[in-house]
Every structure is written in C-alpha cells, then in structure tokens.
Amino acid sequence: MMSNFIKQPEYAVRLQDIEKKFGNVTAIHSVSLGFEKGKIIGLIGCNGSGKTVLMKMICGLMRPTHGTIEVMGNLVTLNKRSESPIGAIIETPGFIPEYTGYRNLKFLAGINNRASNDDVMQAIESVGLAHDANKRVSHYSLGMRKRLGIAQAIMEHPEIIILDEPMNGLDRQGVADMRTMFLKLRNEGRTIILASHNALDIDVLCDAVYGIENGYISKTR
C-alpha cells in the first residue's frame, strides 16, 4: 500500500506570533510564517513599510516586542552570536575609507573568526572586485562599495543571506553578475531573503514573495 505521506518543507527561518512596536506605533503586526530553506525569498514594500525592521529582527539586531524567531532551528536572541551564521547587508555598510577593500573585509572577518584569508579573497573574486581588492575604499564607486558589501555578506559561507536593496548603485552588468551569483548560491542550498524595489529582480530571482504594507505581511506569490 502506497503511503500518502507528503514531505513537509524545511524552514530556514520561522516567525511565531511576531510583533514589533515602537511606543504606540506598530511596525510589524502579529505574523506567523516560515521561509523555506534553499529558496530566494522576496520582500516588497515601500520605504517605512517594515522590511528593514523584519530583517533586523531575523539577524538578532532588534528584539521583537512579542513572539519568537528561529533560524535553522535555533532561537534568535538579541545580539547573540548565531549558531547558524547569517550574512547580511542592511542599510549602508560602514567601511573604513582609508583601508583597501581586502583589508576592510579582513578586519571584519576577524570579529567572528569564521572567514580565512582564502574565504575573503574568494568572496571578493565572486563579486568581481579581484582587480580592485588592494584599492582604497575611498576610491571605490558606489557600485564597487555595493559589491564589497555583498562580498562581506557571503565571505563566511552563511546558510542564510539577507540583502536589503543589493542592486542599488550597480550598473547593468553588475546587476546581471549579482543575479547570476545569487542563483548560484541558491542552487548550493543557501537561503536568501531579498528586499528590492526592482520588480524584475523579484520576478527573476524569487521563489516566494511577501508584501509588507504598514507592518502587515502577506504572501503574494
């Protein structure tokens, strides 16, 4: 007799009754949902809709007012080093202008000691900055800084990568390069949570899409 068993999805991130308030203002209204492992998840919404707040809570940079968040089965607590590393670009990365791109990443890699010299260089090569690794960041264009930020997010080989508007400042070729890399990372089993105002990025890259409006989250695809 054949079993009717249906395999349940594995979740990289699970939100249980999550709510976030700032005083009397509710930034994220109560929501429970899961982001599947090995997928690219799109977040869409206007500025101030709650996307950045949600991403910061998943990273452990901000505490929810109510509810719990699990990342790869581990409970997220404020500022606790995650057992399952998360690579993230949320808002503008703060690099040291006088340092080279490579030295900036080496400095950041030393905080958690999760990335070797080879890991740093591999990340730089992956984002197309190999020829500019020893150039001071003060001489980088906006697009180059964005690429360096993406390199920072992936250099520790995280299972989950959170990217807030990663294509801003990139030219057409840069956008194409990053799309190709994100799809490659997904095919390797990584989970990517991507916020973008670019509808084409969402259409081309994302396996599931969630809309956020005034702190309310709903699945749109």
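Two strands are taken as paired if DSSP finds at least two bridges between them. In this predicted model, strand S1 (residues 11–22) and strand S2 (residues 25–36) meet that condition with 8 bridges and pair in the antiparallel sense. Within this pairing, isoleucine 18 has valine 31 of S2 as its bridge partner. The two strands form a hairpin in which 2 residues lie between S1 and S2. Glycine 23, in the turn of this hairpin, has a positive phi of about 65°.

Positive phi values also occur at residues other than glycine. Methionine 72 is not a glycine, yet its phi is positive, at about 50°. This residue sits in the loop between strand S4 (66–71) and strand S5 (74–75). Histidine 157 likewise has a positive phi, near 50°, and is placed in the loop between H4 and S7. With a relative accessible area of 35%, histidine 157 is partly exposed.

An open sheet is built from 6 strands in the order S6-S7-S8-S3-S9-S10, and its pairing is mixed. The edges of the sheet are strand S6 (86–89) and strand S10 (216–219). Each edge strand has a single partner strand, so one side of each is left without a neighbour in the sheet. On average, neighbouring strands of this sheet are turned by 15° against each other, direction ignored. In general, strands of a sheet pair through backbone hydrogen bonds, either parallel or antiparallel. Strand S7 (residues 160–164) and strand S8 (residues 191–195) run parallel and are joined by 5 bridges.

Helix H4 (residues 142–154) touches S6 and S7, and its direction makes about 165° with that of S6. Helix H1 (residues 51–59) lies across strand S3 (40–44), S6, S7, S8, strand S9 (208–213) and S10. The direction of H1 is at about 155° to S7.

Isoleucine 192 belongs to strand S8. Its relative accessible area is 1%, and the residue is therefore buried, the cut-off being under 20%. Neighbours within four places in sequence aside, the contacts of isoleucine 192 are Lys39, Ile40, Ile41, Ile161, Leu163, Phe182 and Leu185. Of these contacts, Phe182 and Leu185 are also among the H5 residues that meet H4. Isoleucine 192 and leucine 148 are separated by 44 residues in sequence and by 17 Å in space, C-alpha to C-alpha.

Helix H4 also packs against helix H5 (residues 172–187). The two axes come within 12 Å and cross at roughly 10°. Because angles under 35 degrees count as roughly parallel, H4 is roughly parallel to H5. On the H4 side, the residues in contact are Arg147, Ile150 and Ile154. Those of H5 are Gln173, Gly174, Asp177, Met178, Met181, Phe182 and Leu185. The residues of this contact divide into 6 nonpolar, 2 polar and 2 charged.

Arg147 and Asp177, which take part in the contact of H4 with H5, also form a salt bridge, with the closest N and O atoms 3.6 Å apart. Aspartate 177 lies in helix H5 and arginine 147 in helix H4, so the pair ties together parts that are 30 residues apart in sequence. Aspartate 177 is partly exposed at 30% relative accessible area, whereas arginine 147 counts as buried at 13% relative accessibility.

In total, the structure holds 7 salt bridges. One of them joins aspartate 132 to lysine 135, with 3.1 Å between the closest N and O atoms. Aspartate 132 counts as buried at 18% relative accessibility, while lysine 135 counts as partly exposed at 32%. Another salt bridge is formed by lysine 184 and glutamate 188, whose closest N and O atoms are 2.6 Å apart. Glutamate 188 counts as partly exposed, at 42% relative accessibility. Lys184 and Glu188 are linked with Arg190 in a network of salt bridges.

Conventions
Residues are numbered from 1 along each chain as its sequence is written. This is a predicted model: local features need pLDDT of at least 70, side-chain atom pairs count only at pLDDT 80 or more; totals for chains, interfaces and linings use all residues. Side-chain values use heavy atoms; hydrogens and water are left out. Helices (H or I, at least four residues) and strands (E, at least two) are DSSP runs, numbered from the N terminus. Axes are lines fitted to C-alpha atoms, for helices over the stretch in contact, and angles run from 0 to 180 degrees between N-to-C directions. Contact means heavy atoms within 4.5 Å. Buried means under 20% relative accessible area, exposed over 50%, partly exposed in between (1.4 Å probe, protein chains only). Angles under 35 degrees count as roughly parallel, over 145 as roughly antiparallel, 65 to 115 as roughly perpendicular and the rest as oblique. Ala, Val, Leu, Ile, Met, Phe, Trp, Tyr, Cys and Pro count as nonpolar, Asp, Glu, Lys and Arg as charged, and the others, Gly among them, as polar. A salt bridge is a side-chain nitrogen of Lys or Arg within 4 Å of a carboxyl oxygen of Asp or Glu.
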